[in-house]
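Subject: Structure for your files, with notes

Hello,

Here is the structure I said I would pass on. My notes follow below it.

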Amino acid sequence: MSSWIPLWLHKLGSPPTFYRFAGAVRPWAMGLALLAGAIGLYGGLVLAPADYQQGDAYRIIFIHVPSAWMSMFVYAVMGVSGFMALVWRMKLAEVVAMESAPIGAAFTFITLVTGSLWGKPMWGTWWTWDARLTSELVLLFLYLGVIGLYHAFEDRRQGARAASFLAIIGVINVPIVHYSVVWWNTLHQGSTVNVFGHSKMAGDMLWPLLVMTLATKAYYVASLCRRARTDLLALEGGKDWVRRIAEAEVPR
Amino acid sequence: MSALQHFLAMGGYAAYVWPAYAVFFVVLIADSAAPQLRRRRILRELHGRLARQAARARRAPPSSATPTP
Amino acid sequence: MSGAPLPRACAAMLRRDLLLAWRRRGDLAMPVLYAVIVVVLFPFALGPDLALLQRIAGGVVLVTVLLAMLLALDAMFASDIEDGSLEQLVLAPQPLALMLGMKILAHWLATALPLIVIAPLLAGMLHLPAAAMPALLLALLLATPLLSLLGAVLVALTAGTRRSGMLLALMLLPLCVPVVIFAAGAVAAAQEGLPWFAPVAWLGAALILCVVLAPLACAAALRIALDS
């Protein structure tokens, strides 16, 4: 492989090394997620004042917005690692891409549900076909498609490459969908309300939001570490290093 | 109203705020638990496979046994 | 044979697929029948109110044609995978993307063209005003090849898996959304008497892009799916 890759990154591409690395990282990432989550939620639910327009209902924002950002962040990670999986056939890239998909789908689902629960008291409707919500729904379908396609193959590595291809198509598609729905909304004059048009946020409300963003990112890393470790055990089942782990751990 | 009741009531929007937070936690806890369950299943199957291989190796004459990958 | 001259190979591919489709002409009628049934059911479901049917006519015909094409999409490579001729095609000296382009064209001719021919009838049943008819036909003429091209990439990805139609529909939906939006937008605008060139231009541009890129993506997808 090319010499611009540092040795530690190269070593990380080896399954047993990554297994150990992820095992070490995970507790720290989870600890950070829980700590930041506790601080962020305390700041958002208890410390921050009620919004003068939306009362206490706006507090859903502290889980809705970080989840929305994560749904897109994870998709980007999935796209990049999928690209690496396709072009360089890196086993680890395949694992990262495929195991990110369920986490991303989870965040997308949370975004849609919490958005709906926020929309009902605020704008009187559980759902509206504005660009952001519709794009988020399409994003959920993309995640489900990637997960479904991955599991449709007998050969996991082949499935990972096919699903990565689909993910990359999706990366191109999501902005297209977003733009077309914006255009479509201007055509059908009905719902031109920009539902999430909050302007500037008070500092009291901003910092819990940012802390929650950090918490969800750390959670993603933790969850990915655990999922990747489990997936490596499944993929490398016949290898010695996995056998040693299986012998060391007594199954419950 | 006590401070706790005031907090739980969420200014009258409790029916929306608390289910939203519940969904957040339930989904992420499920996401955390799933790989753990899968890992246990994988290790269980691996143990079974190793036990079967060991039993087969004991039964077969050791000189003719080729190392299984 | 190091490879027949390209135009001849393309023509041969096209002829082969059209001939195969013609031999199974019963199957060709299925999407058309499906579309007719669905469109006929709408007035029964919604009532014969002329104004309501007029409003939904363009959208219903468009979505129905899309769904009919989705049903037929699975068959694009199915028989060729089964008898191994698709793998032969991958190994052939002709550029795979071009050969796949011909297959997609044949599939579109066999599947979408009959649908476009009966589209005025379907729209008429829902009382679409005559003024909107040219817009509908042009929109279908641009949207259906887009669906064939995009669908082909997805069908190639699932080649040789234990497929379910559900998975294909799930994968296709996000790609369809912009196509349906612009196609239906053109028809709606024409119905209101507003200028409808812009959405049609977008569809045209997308079609040109997909005609160039989709066969290449399809070839890449096929190589991933068949390589084991």
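How many helices and how many strands make up the secondary structure of chain A? The answer is eight helices and zero strands. Please keep in mind throughout that this is a predicted model.

Chain A

From the N terminus on, the elements of chain A read α-α-α-α-α-α-α-α. Its C-alpha trace spans about 60 × 40 × 40 Å along the principal axes. Chain A has 252 residues, and buried residues make up 45% of them. Of the contacts in chain A with a separation of 6 or more, 78% are between residues 24 or more positions apart.

One helix pair in chain A may be worth a look. The axes of α4(A) and α6(A), the latter covering residues 156–187, come within 10 Å and cross at roughly 60°. The crossing of these two helices, α4(A) and α6(A), is left-handed. On the α4(A) side the residues involved are A:E94, A:A97 and A:M98, and they meet A:R157, A:A160, A:A163, A:S164 and A:A167 of α6(A). Sorted by class, the contact of α4(A) with α6(A) holds five nonpolar residues, one polar residue and two charged residues.

A:R89 has a phi near 55°, which is positive in a residue other than glycine. A:R89 sits in the loop between α3 (61–88) and α4 of chain A. Is A:R89 buried or exposed? With 12 other C-beta atoms within 10 Å, A:R89 is exposed, because a residue counts as exposed at 12 or fewer.

Chain B contains two helices and zero strands. It has 69 residues, of which 16% are buried.

Two pairs of chains touch, and the pair with the most contacts is A and B. There, 32 residues of chain A are in contact with 26 residues of chain B. On the chain A side, α4 (91–123), α7 (203–235) and α8 (240–248) each supply at least two residues. The largest share of that side, eleven residues, comes from α4(A). By class, the side of chain A that touches chain B divides into 18 nonpolar, six polar and eight charged residues.

Chain C has nine helices and zero strands, in the order α-α-α-α-α-α-α-α-α along the sequence. The radius of gyration of chain C is 18 Å, close to the 17 Å that the globule rule gives for 228 residues, so chain C is as compact as a globular protein of that length. Along the principal axes, the C-alpha atoms of chain C fill a box of roughly 60 × 35 × 30 Å. Of its 228 residues, 43% count as buried. Among contacts in chain C between residues at least 6 apart in sequence, those joining residues at least 24 apart come to 83%.

Chains B and C have no contact with each other, and their closest C-alpha atoms lie 21 Å apart.

The largest nonpolar core has 160 residues, and C:A139, C:A156 and C:V187 touch the most other members. Helix α8(C) gives the largest share of this core, 17 residues. Leaving out residues up to four places away in sequence, C:A156 touches C:F77, C:C218, C:A221, C:L222 and C:A225.

In chain C, C:H127 has a positive phi of about 60°, although it is not a glycine. C:H127 lies in the loop between α6 (96–125) and α7 (133–157) of chain C. It is partly exposed, with 17 other C-beta atoms within 10 Å.

Regards

Conventions
Residues are numbered from 1 along each chain as its sequence is written. Chains are lettered from A and ligands numbered from 1 in the order in which they are written. This is a predicted model: local features need pLDDT of at least 70, side-chain atom pairs count only at pLDDT 80 or more; totals for chains, interfaces and linings use all residues. Two residues are in contact if their C-beta atoms, placed from the backbone, lie within 7 Å. Helices (H or I, at least four residues) and strands (E, at least two) are DSSP runs, numbered from the N terminus. The radius of gyration is taken over C-alpha atoms; the globule rule is 2.2 Å times the number of residues to the power 0.38. A residue is buried if 20 or more other C-beta atoms lie within 10 Å of its own, exposed if 12 or fewer, and partly exposed in between; C-beta atoms are placed from the backbone. Ala, Val, Leu, Ile, Met, Phe, Trp, Tyr, Cys and Pro count as nonpolar, Asp, Glu, Lys and Arg as charged, and the others, Gly among them, as polar. Axes are lines fitted to C-alpha atoms, for helices over the stretch in contact, and angles run from 0 to 180 degrees between N-to-C directions. A crossing is left-handed if the near helix is turned anticlockwise from the far one by less than a right angle, and right-handed if clockwise. A nonpolar core is a set of buried Ala, Val, Leu, Ile, Met, Phe, Trp, Tyr and Cys residues joined through C-beta atoms within 7 Å.
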